Amino acid sequence: MNAGETQRRPWIVGVSGASGTPYAAAVLRALLAAGESVDLIVSRASRLTLLDETGISFRDAHWQDDLREWLSRGADGKPGTFDADLHGVRHWSAGDLAAGPSSGSYPVKGMLIVPASTACVAGVALGLSKDLLQRAASVTLKEGRKLVVAVRETPLNGQTLRHLVALDDAGATVLPASPAFYAGATHIQDLVDFVAGRVLDAAGVPHRLYRRWEGELGGGSRTT
C-alpha cells in the first residue's frame, strides 16, 4: 500500500437486487462529481436487475467497461447521456468476503445501499453477512459509521417493517426511494435525481441534483 492509498477514505456503495438501478447510477455519478472515492459492491441479484433494466451485463472481469456504460446512461436508458469518469472507483466482488470492506479496520466514511431490496434489508437487520454487501453493512453499523439504506419496495409487510425498525434502532438511516414533485420534475431523470440527492443529503455529501424547498408555494411549477 502506497502513501496515497493510506489517505483514501471512500464511501462504500452497495447495489442490491431491488428494481431501481438508475438510483444507484445517479448516486455514483454525484459522489464522483463531488470528488469522493467509491468502493462499489454489486450483488449477484442486482446484476440480474441491471441486465433487465438496462441490458447491461455487469462482469467482475470487465467491471470498468460495464460500469462506464451503465453510468453514461440516463434514467430513460439512453446511452451517452452522461460522461462517466471512473477515477476514484474501486470494485469488490460480492463473493469476496476477504475484501477490504469486510473489516472494521478498513478506512471508509460510511456506506450507502442503493437500492436496497427487502432481502438485503432482512440480511443486514439480522446480521447474516451472506455476501460482501451484507457484511460491509454489518461492519458499518458495528463501527458506528453512517449507513443509508434506500429501500425500494411496495407495499411493505410487517416483517420488512420490523427489519427497517431494527436498522433504525441500530443507527442506520432508512430512506425509502420516494420521489417528490415539489422540485418541478419534468423528466424521469429529475425524479431519480431527487431520490439520489436525498441519499447524499443523509450522507452529508454536497450536490446539486434537485431544487430545494424554499418555503414558497408554486415554486415547483415555475419554468426556469
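At what angle do α5 and α6 pack, and how far apart are their axes? That was my opening question for this predicted model.

**Entry 1: α5 and α6**

I looked up the pair and got an angle of about 45 degrees, with the axes 9 Å apart. An angle between 35 and 65 degrees counts as oblique, so α5 and α6 are oblique to each other. I also checked the hand: α5 passes α6 in a right-handed crossing. Next I listed who touches whom. From α5 come Ala119, Cys120, Gly123 and Val124, and they meet Leu133, Gln134, Ala137, Ser138 and Leu141 of α6.

I stayed with α5, which covers residues 118-126, and turned to α7, residues 158-169. Their axes come within 9 Å and cross at roughly 50 degrees. That makes α5 oblique to α7. Which hand does this crossing have? I found that the crossing of α5 and α7 is left-handed. On the α5 side I wrote down Thr118, Val121, Ala122, Val124, Ala125 and Leu126, and on the α7 side Thr160, His163, Leu164, Ala166 and Leu167. The class count for α5 with α7 is eight nonpolar, three polar and no charged residues. I see that Val124 is in the list for α7 and also in the list for α6.

**Entry 2: α2 and α4**

Then I moved to another helix pair. α2 and α4 pack at about 100 degrees, and their axes are 9 Å apart. That makes α2 roughly perpendicular to α4. In α2 I noted Thr21, Ala24, Ala25, Leu28, Arg29 and Leu32, which meet Leu67, Trp70 and Leu71 in α4. By class this contact has seven nonpolar residues, one polar and one charged.

**Entry 3: the nonpolar cores**

How many residues does the largest nonpolar core have? I read off 38, and the residues with the most contacts inside it are Leu31, Leu40, Leu67, Trp70 and Leu112. Several elements supply at least two residues each, including β1 (11-15), β2 (38-42), α4 (63-71) and α8 (188-203). α2 gives the most to this core, with nine residues. Apart from it lies another core of 24 residues; among them are Met111, Ile113, Leu141 and Val149.

Leaving aside neighbours within four places in sequence, Leu40 is in contact with Val13, Val15, Leu28, Phe58, Leu67, Val89, Arg90, His91 and Trp92.

**Entry 4: two single residues**

Is Thr140 buried or exposed? I placed Thr140 in helix α6, residues 132-142. Its relative accessible area is 1%, and under 20% counts as buried, so Thr140 is buried. Not counting residues up to four places away in sequence, Thr140 touches Gly110, Met111, Arg145, Lys146 and Leu147. Of those, Met111 belongs to the core of 24 residues.

Last I checked Asp85, found in the loop between α4 and β3 (89-93). Here the relative accessible area is 57%, and over 50% counts as exposed, so Asp85 is exposed. I also looked up how Asp85 sits relative to Arg68: the two are 17 residues apart along the chain, and their C-alpha atoms are separated by 7.5 Å.

Notes
Residues are numbered from 1 along each chain as its sequence is written. This is a predicted model: local features need pLDDT of at least 70, side-chain atom pairs count only at pLDDT 80 or more; totals for chains, interfaces and linings use all residues. Side-chain values use heavy atoms; hydrogens and water are left out. A nonpolar core is a set of buried Ala, Val, Leu, Ile, Met, Phe, Trp, Tyr and Cys residues joined through side-chain atoms within 4.5 Å. Buried means under 20% relative accessible area, exposed over 50%, partly exposed in between (1.4 Å probe, protein chains only). Helices (H or I, at least four residues) and strands (E, at least two) are DSSP runs, numbered from the N terminus. Contact means heavy atoms within 4.5 Å. Axes are lines fitted to C-alpha atoms, for helices over the stretch in contact, and angles run from 0 to 180 degrees between N-to-C directions. Angles under 35 degrees count as roughly parallel, over 145 as roughly antiparallel, 65 to 115 as roughly perpendicular and the rest as oblique. A crossing is left-handed if the near helix is turned anticlockwise from the far one by less than a right angle, and right-handed if clockwise. Ala, Val, Leu, Ile, Met, Phe, Trp, Tyr, Cys and Pro count as nonpolar, Asp, Glu, Lys and Arg as charged, and the others, Gly among them, as polar.
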